[in-house]
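Colleague: Before I rely on any of the terms used for this protein, could you take me through what stands behind them?

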Amino acid sequence: MIMEPYRIKVVEPLVFPTREERRRALREAGHNLFALRSDQITIDLLTDSGTSAMSAEQWASLMRGDETYAGARSFDRFRAVVAELTSYPHVIPAHQGRAAESVLFSALLEPGQITLSNTHFDTTRANVELAGCEARDLPCAEAADLASDYPFKGNIHLEHLREVLGGPDGPRVAAVIMTITNNASGGQPVSMRNLRGVKDLCNRYRVPFFLDAARFAENAWLVTQREAGYSQVPPHDVAAEAFSLADGAIASLKKDGIANIGGLLALRDDDLAARCRNVLITQEGFPTYGGLAGRDLEALAQGLVEVTEPRYLEARASATAHLAALAADAGIPTVRPTGCHAVYLDAGAFLPHIPAYRYPAHSLGCALYLEAGVRSVELGSLTFGRPDPAGGPDLPAPRELLRLALPRRVYTRSHLDFVGEALRAVARDAARLPGYRIVDAPAVLRHFSARLEPVALDSGRKEAIVA
């Protein structure tokens with residue numbers, strides 16, 4: 001067992017609502033885990049975004065925050081850290097990752113264009129589509145086999161990328177966006193070899209290449225563990241090499257910035273950067289603060305230094321592997337091999353009696369909350385499915401996953417053991433879990449605010465609404 005490379009300095013009491021309180025809370029929330037309050041949750045694995053514990057140095061850095069509106073020294077420190085890591089001359093802060101996406105796409109995209117990706121995540125896809133463009137995924141073939149141990153299932157399919165760039169749709173491609181790690185595909189890493197292949201194709205066809213780098217350090221760590229030639233390379237240097245291959249990056253720094261708020265847009269191109277700054281001023285604020293306080297910039301700068309520390313990354317990967325082993329012991333299949341930031345339960349395989357249009361991963365998530373107050377997030381057909389133009393059931397997502405995301409430096413092994421016991425209890429009654437139907441939902445990003453109700457399914461998949 002690998003010990004956490006830190007000691008706990010501040011503690012926060014957990015809450016333990018009763019089973020009846022959890023049942024009532026879920027019903028009042030419209031069976032949507034996003035709508036639960038923090039005081040109704042014992043262990044929160046909904047996301048690793050903005051939920052991390054800051055270090056003593058980060059807390060100390062808050063006192064150095066310079067709140068000058070324009071030209072604050074806190075921005076200078078943030079810019080210096082980002083520039084050293086990425087080599088990009090233009091560093092533009094934003095209040096979070098989706099804001100950075102919005103700024104970039106507002107300046108870059110025109111209606112009718114296409115963006116290509118290993119897999120767009122939900123907000124990235126939404127921002128592309130809000131710009132009147134198509135977000136097209138080209139995952140590698142190995143990503144389809146959730147149980148295999150292929151080390152880089154986050155890769156893009158290079159041959160399919162070449163076919164699109166060289167085909168009739170090529171002139172419509174505005175950018176290639178590589179998500180590292182590939183969150184929607186089970187938190188799987190992208191190899192350096194694959195990134196170099198993307199760079200070569202983008203250079204050949206003169207298409208801008210960007211990283212969605214929310215988890216750049218975790219991708220770098222997995223490269224050091226899985227890719228030949230990198231075992232002795234520090235994670236910082238692997239990350240720097242990845243950034244060097246691209247024309248720019250967008251990132252939610254609420255992940256590998258190990259902070260509670262913040263985003264980043266970093267670019268090479270002078271003209272594109274100028275256009276983005278103009279958009280930023282209208283949406284986020286002056287370019288030296290981008291919607292953030294000076295103290296936030298200080299905390300982010302320190303977090304970006306700490307996140308590539310090998311002992312920290314080793315412990316984080318070990319904790320995630322431990323939770324994956326607990327799920328396997330409970331008889332619940334997971335996406336393999338396990339990444340760093342989350343364990344992804346294969347709800348489609350685990351709950352074969354629930355069809356995709358009745359959201360098996362959402363059902364598993366509700367059951368886990370009812371059992372032990374553990375919150376998670378569905379990444380299946382509720383999040384990534386599409387309404388059928390013909391009016392039938394939703395067109396399913398490629399996979400039905402329930403993500404258990406681990407906040408950085410927050411939960412101990414005993415907390416994860418508690419989750420493992422809850423998974424074991426849920427697994428014992430899996431055949432009786434209901435499906436769910438949508439009662440009300442918005443047209444965009446429906447999973448955040450939809451209201452649902454459970455639907456009992458018999459062996460012939462006949463349905464009855466659960467009271």
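**Cavities and a buried serine**

Modeller: About 190 Å³ of space lies in the largest cavity, the volume being the space filled by probe spheres set on grid points that are joined across faces, edges and corners. This is a predicted model, in which local features need pLDDT of at least 70 and side-chain atom pairs count only at pLDDT 80 or more, while totals for chains, interfaces and linings use all residues. Residues are numbered from 1 along each chain as its sequence is written, and side-chain values use heavy atoms, with hydrogens and water left out.

Colleague: What makes a space a cavity, and which residues line the largest cavity nearest its centre?

Modeller: A cavity is a set of points, on a 1 Å grid over the protein atoms alone, where a 1.4 Å probe fits but cannot get out, and lining residues have an atom within 4 Å of a point. The largest cavity is lined by 16 residues, and Tyr-6, Arg-316, Ala-319, Arg-409 and Tyr-411 lie nearest its centre. Helix H12 (310–329) and helix H16 (413–428) each give two or more residues to this lining, where helices are DSSP runs of H or I with at least four residues, and strands are E runs of at least two, numbered from the N terminus.

Colleague: Why is Ser-55 called buried?

Modeller: Ser-55 has a relative accessible area of 14%, and buried means under 20% (exposed is over 50%, partly exposed in between, with a 1.4 Å probe and protein chains only), so Ser-55 counts as buried. Ser-55 lies in the loop between strand S1 (43–44) and helix H2 (56–62).

Notes:
On a 1 Å grid over the protein atoms alone, a cavity is a set of points where a 1.4 Å probe fits but cannot get out, and a pocket is an open set with protein on both sides within 12 Å along at least five of seven lines; lining residues have an atom within 4 Å of a point.
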